[in-house]
Amino acid sequence: HIVIGSSLVRGTGHALNRLGVKDAVVYTYAGCKIEHIRPRLKSIIPQNYDGNIVFLLSGNDVSDYNAEIVTDNYEAMLKEVLLHAPKSKIVISAVPPRRRSQFLNYELRHLNSNLHYLSTLYNNVTFLAYVPTNFRIHFKRDLTHFNVQGKYHWAANLKRLLMDFHQVKKTSDVP
């Protein structure tokens, strides 16, 4: 499994490993937007990779751009990844709320709705809707980054989704 994200994914490799997902490799690009991560993807993801690729991106993007622009950038990145690794199974994670900012969280809800729809357009793409949302329980004091409980909550939901994704794939492959 390859996990690619902003600072939110920092430490989630340890959480995934402790939950039994032993082969996860996590790439953290703190403070980066899609435009900074996209050029690096071909060096991260092997050509014709057929494993899972998980993205938890765009919280930083929504701080500067509206949800429609971020969705367009995300889709362009997704298409590039699908051309580079067409057999991969991709998980697009919802972006959790940030800093109790009403406007920013409105844009994030809009973005998440767009990303969920985007995931329905491709057979090998799915959406992780269940992300930590409780600022008191799952986030550090900055109300942006996951604390240990938030990382485990996200990792546990990802693990469940990956198991379901494989089950659906196996049953859909049967003639």
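Visitor: Which helix is the place of Leu 41?

Guide: Here a helix is a DSSP run of H or I with at least four residues, a strand is a run of E with at least two, and both are numbered from the N terminus. On that basis Leu 41 belongs to the run covering residues 41–44, helix H3.

Visitor: And does Leu 41 count as buried or exposed?

Guide: Keep in mind that this is a predicted model: local features need pLDDT of at least 70, side-chain atom pairs count only at pLDDT 80 or more, and totals for chains, interfaces and linings use all residues. Residues are numbered from 1 along each chain as its sequence is written, and side-chain values use heavy atoms, with hydrogens and water left out. As for the cut-offs, buried means under 20% relative accessible area, exposed over 50%, and partly exposed in between (1.4 Å probe, protein chains only). Leu 41 has 4% relative accessibility, so it counts as buried.

Visitor: How far apart in space are Leu 41 and Val 81?

Guide: In sequence, 40 residues separate Leu 41 and Val 81. Val 81 is among the buried residues of H5. C-alpha to C-alpha, the distance between Leu 41 and Val 81 is 7.5 Å.

Visitor: Where do the buried residues of H5 fall, seen down its axis?

Guide: Buried in H5 are Ala 67, Val 70, Thr 71, Tyr 74, Met 77, Leu 78, Val 81, Leu 82 and His 84. The arc here is that of the directions from the helix axis to the C-beta atoms. Those buried residues line one face of H5, because they fall within an arc of 155°.

Visitor: Which residue caps the N-terminal end of H5?

Guide: Look for a polar contact, a pair of N or O atoms within 3.5 Å; within protein, one must be able to donate a hydrogen and the other to accept it, and residues adjacent in sequence count only if both atoms are side-chain atoms. A side-chain oxygen lies 2.9 Å from the backbone nitrogen of Glu 68, and the capping residue it belongs to is Asn 66.

Visitor: Which kind of aromatic pair do Phe 55 and Tyr 74 form?

Guide: Rings of Phe, Tyr and Trp (its six-membered ring) pair if their centres lie within 6.5 Å; planes under 30 degrees apart count as stacked, over 60 as edge-to-face and the rest as tilted. Phe 55 and Tyr 74 are 6.4 Å centre to centre with 80° between the planes, so by those cut-offs the pair is edge-to-face.

Visitor: Which parts of the chain does that pair link?

Guide: Phe 55 and Tyr 74 are 19 residues apart. Both count as buried, since Phe 55 has 0% relative accessibility and Tyr 74 has 0% as well. The distant parts they link are strand S3 (residues 52–56) and helix H5.

Visitor: What is phi of Ser 58 near?

Guide: Ser 58 lies in the loop between S3 and helix H4 (59–62). It is buried, with a relative accessible area of 3%. Its phi is positive, in a residue other than glycine, and near 90°.
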